[in-house]
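Colleague: Can you take me through the salt bridges and the surface of this one? I'll ask as I go.

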Amino acid sequence: MHYDWKKYDSKDVFRTNLAIDFLNKERNTQKPLFLVMSYRTPHAHEPNLREAERYKNFGWPENERRHASRISMLDEQVQRLLDKLKDMGELENTLVIFTSDNGPQAENHSEQFFKSSGGLKGKKRDMYEGGVRVPMIAWWEGKIQPGTTSDHPGIFYDFMPTLAEIAGIEAPVQTDGISFLPELLGKNQKEHAHLYWELQVGPEKEGFRQALRRGQWKVVHYEKTGFPELYNIEKDLFESSDQAQEQTELLDEINTLMRNQSVPNPHWPFSGNNKE
C-alpha cells in the first residue's frame with residue numbers, strides 16, 4: 001500500500017491502520033498472533049508530521065514542542081492497537097511488551113530538556129547507561145502481577161528465547177539469550193553471566209565502542225579515547241566515578257572478557273580485531 005504523507009499525521013498512523021486492517025481481515029483466531037510494531041516516532045528522521053498546534057501553550061522551544069508531540073502521537077497509536085485487541089476480545093489473552101532499542105536521541109532536540117534519560121550518562125549510540133539502559137513495560141492479564149517492578153538486567157537477544165518459551169517451542173541454538181518469562185511471572189529467573197554491547201559509529205576505527213557488564217561492574221571502552229573505564233553500576237548508576245585506577249586487576253579481568261566477545265563481521269570492519 002502506498003504511503004501518502006498528505007493523508008496521515010505520521011507514518012505510524014499509516015502503519016497502525018495496516019495492522020488493524022490485518023486484524024480485521026486476516027486474523028485467524030485458531031492460531032497464535034505475533035505482531036511487532038516498530039514505531040518510528042519520536043525518531044529524528046521522520047519528516048512531514050502534523051504537529052502544528054499541539055502543546056503550543058506550554059511555551060517550550062519549537063523543537064521540544066515537536067518532540068513532545070511526537071511522543072503523544074506514539075501513545076495514541078499504541079492505544080489504538082490496545083483498543084482494537086480489546087474490542088476483539090483478545091486483549092486479556094495477549095502479552096503486550098513496550099520498550100525501546102536505545103536511549104534518548106538528541107538529533108533534533110536536547111535530551112536534557114525533558115530529562116529523557118533521568119540523569120543517566122550518555123544517549124543514543126553511547127555505551128554508557130543513558131545509551132543502553134531502557135525501560136520495558138509488560139502487560140499480561142492474569143499472569144503479570146499489576147504494579148510490580150523488576151531489576152532483572154535483560155537484553156534484546158533475550159526476546160527470542162522468551163517468545164519461544166511462551167509458544168512452547170525450542171529457541172534457536174544460535175542465541176545467547178535467556179528467556180525472561182519466569183521474571184514476568186514472578187518465578188525464579190536465570191541471570192546472565194554478563195551482558196555485552198558493541199557499536200561502530202562512522203567509518204573510522206575511532207568510532208568503535210564496546211561495553212560489558214558483569215554483575216555490578218561495567219567496563220566501557222571507546223576506541224577514540226584508547227583506554228577502558230570501570231564503573232560500579234549498583235553504587236554509581238550515573239557512571240560518575242571511574243574505578244579503573246583503583247581496581248586494576250578487576251579492570252584487566254573484565255576488560256579481557258569484553259575484548260574476547262567481539263566476533264568478526266564484514267559489515268563492522270573493526271569488530272573481532274579490537275583485542276589486546
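Colleague: Is glutamate 90 buried or exposed?
Modeller: Buried, because its relative accessible area is 14% and the cut-off for buried is under 20%. Bear in mind that this is a predicted model.

Colleague: Which side chain does glutamate 90 meet in a salt bridge?
Modeller: That of arginine 27, at 2.7 Å from N to O. Arginine 27 lies in the loop between helix 1 and helix 2, and glutamate 90 in the loop between helix 2 and strand 1 (96-99), so the pair ties together parts that are 63 residues apart in sequence.

Colleague: And arginine 27, buried or exposed?
Modeller: Arginine 27 counts as buried, at 17% relative accessibility.

Colleague: How many salt bridges are there?
Modeller: The count comes to 13. Among them is glutamate 76 with arginine 54, 2.7 Å from N to O. That pair links distant parts of the chain, 22 residues apart: glutamate 76 is in helix 2 and arginine 54 in the loop between helix 1 and helix 2. Glutamate 76 is partly exposed at 37%, and arginine 54 is partly exposed at 25%.

Colleague: Which residues are linked in a network?
Modeller: Glu129, Arg133, Lys218 and Glu239, through salt bridges. Within it, glutamate 129 meets arginine 133 at 2.7 Å. Glutamate 129 is buried, at 3% relative accessibility, whereas arginine 133 is partly exposed at 36%.

Colleague: Changing topic: which residues form the nonpolar patch on the surface?
Modeller: Phe22, Leu33 and Leu35, with about 230 Å² of accessible area together.

Colleague: Where does leucine 33 lie?
Modeller: In the loop between helix 1 (11-25) and helix 2 (62-87). Leucine 33 counts as partly exposed, at 30% relative accessibility.

Notes:
Residues are numbered from 1 along each chain as its sequence is written. This is a predicted model: local features need pLDDT of at least 70, side-chain atom pairs count only at pLDDT 80 or more; totals for chains, interfaces and linings use all residues. Side-chain values use heavy atoms; hydrogens and water are left out. Patches are made of residues with over 30% relative accessible area and no salt bridge: like charges are joined within 9 Å, nonpolar side chains (Val, Leu, Ile, Met, Phe, Trp, Tyr) within 5 Å. Accessible areas come from the Shrake-Rupley method with a 1.4 Å probe; for residues, only the protein chains shown count as cover. A salt bridge is a side-chain nitrogen of Lys or Arg within 4 Å of a carboxyl oxygen of Asp or Glu. Helices (H or I, at least four residues) and strands (E, at least two) are DSSP runs, numbered from the N terminus. Buried means under 20% relative accessible area, exposed over 50%, partly exposed in between (1.4 Å probe, protein chains only).
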